[in-house]
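Please keep the sequence and the model in view while reading.

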Amino acid sequence: DLTVTGVQTCALPISEVGELCLACSLYSLGMMGARWENIPTRIRHIFVRTAERGELKDQTISNVVYGLSLLRASWAALDQEFRDIIADNLGRDDAYGSDVPQHISNSIWGLAKMDAAWSEVPGTAVMNAFVRCHAQFAPQEVSNSIYGLAVMDTAWDDLQVTAQVALSAALKR
């Protein structure tokens, strides 16, 4: 477990640097085996404030979501404010403007690992990004996306036809 003093010393500059440090910190803490509920409330508050101030998109939103899943955070257990910030950023039309398949699939996978339900997240923007670049998805990214959608209780009929077509085409490749 992380010591309160050690995390506070490292996390205070995060609030001054911005969303890239937020994403890297969450991801790195998760890779180190830290757990969301063991991070001091003060530090979690800094993370929320940093997310609130910045625009999370592409690799940043992907690493925040995936990092939280590595921290074994539960979507339902996150503060409502933090869920709203993440959902607002995921729902932006330009959330995945760089069209990097890994960012999209890691976000879907991360949400699934946090036990988020498809109905609780703005999946249309995520799937629109999938549709735009489905032809560039590697097999692992396709399978992680499909598995993540399934874990989030996404019904096939809940997806737009363009998303169904893109998923089918990605599977055929």
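Rings of Phe, Tyr and Trp (its six-membered ring) form a pair if their centres lie within 6.5 Å; planes under 30 degrees apart count as stacked, over 60 as edge-to-face and the rest as tilted. By this definition, the structure holds 5 aromatic pairs. The model is predicted, so local features need pLDDT of at least 70 and side-chain atom pairs count only at pLDDT 80 or more, while totals for chains, interfaces and linings use all residues. Residues are numbered from 1 along each chain as its sequence is written, and side-chain values use heavy atoms, with hydrogens and water left out.

**Aromatic rings**

| Pair | Centre to centre | Angle between planes | Class |
|---|---|---|---|
| W36 and F47 | 6.3 Å | 25° | stacked |
| W36 and F82 | 5.9 Å | 25° | stacked |

Helices here are DSSP runs of H or I with at least four residues, and strands are runs of E with at least two, numbered from the N terminus. W36 lies in the loop between helix 3 (19-31) and helix 4 (41-53), and F47 lies in helix 4, so their pair ties together parts that are 11 residues apart in sequence. The pair of W36 with F82, a residue of helix 6, links distant parts of the chain, 46 residues apart.

**Packing of two helices**

Two packed helices are described by the angle between their axes and the distance between the axes. Helix 7 (residues 101-113) and helix 9 (residues 139-151) pack at an angle of about 30°, with their axes 8 Å apart. Helix 7 is therefore roughly parallel to helix 9, a term for angles under 35 degrees. Contact means heavy atoms within 4.5 Å; the residues that make it include I108 and W109 of helix 7 and Y147 and L149 of helix 9. The residues of this contact divide into 7 nonpolar, 5 polar and 1 charged. Ala, Val, Leu, Ile, Met, Phe, Trp, Tyr, Cys and Pro count as nonpolar, Asp, Glu, Lys and Arg as charged, and the others, Gly among them, as polar.

**A loop residue**

S74 is placed in the loop between helix 5 (59-70) and helix 6 (80-90). Because its relative accessibility is 28%, S74 counts as partly exposed. The C-alpha atoms of S74 and K113 are separated by 8.0 Å, although these residues are 39 residues apart along the chain.

Note on methods:
Buried means under 20% relative accessible area, exposed over 50%, partly exposed in between (1.4 Å probe, protein chains only). Axes are lines fitted to C-alpha atoms, for helices over the stretch in contact, and angles run from 0 to 180 degrees between N-to-C directions. Angles under 35 degrees count as roughly parallel, over 145 as roughly antiparallel, 65 to 115 as roughly perpendicular and the rest as oblique.
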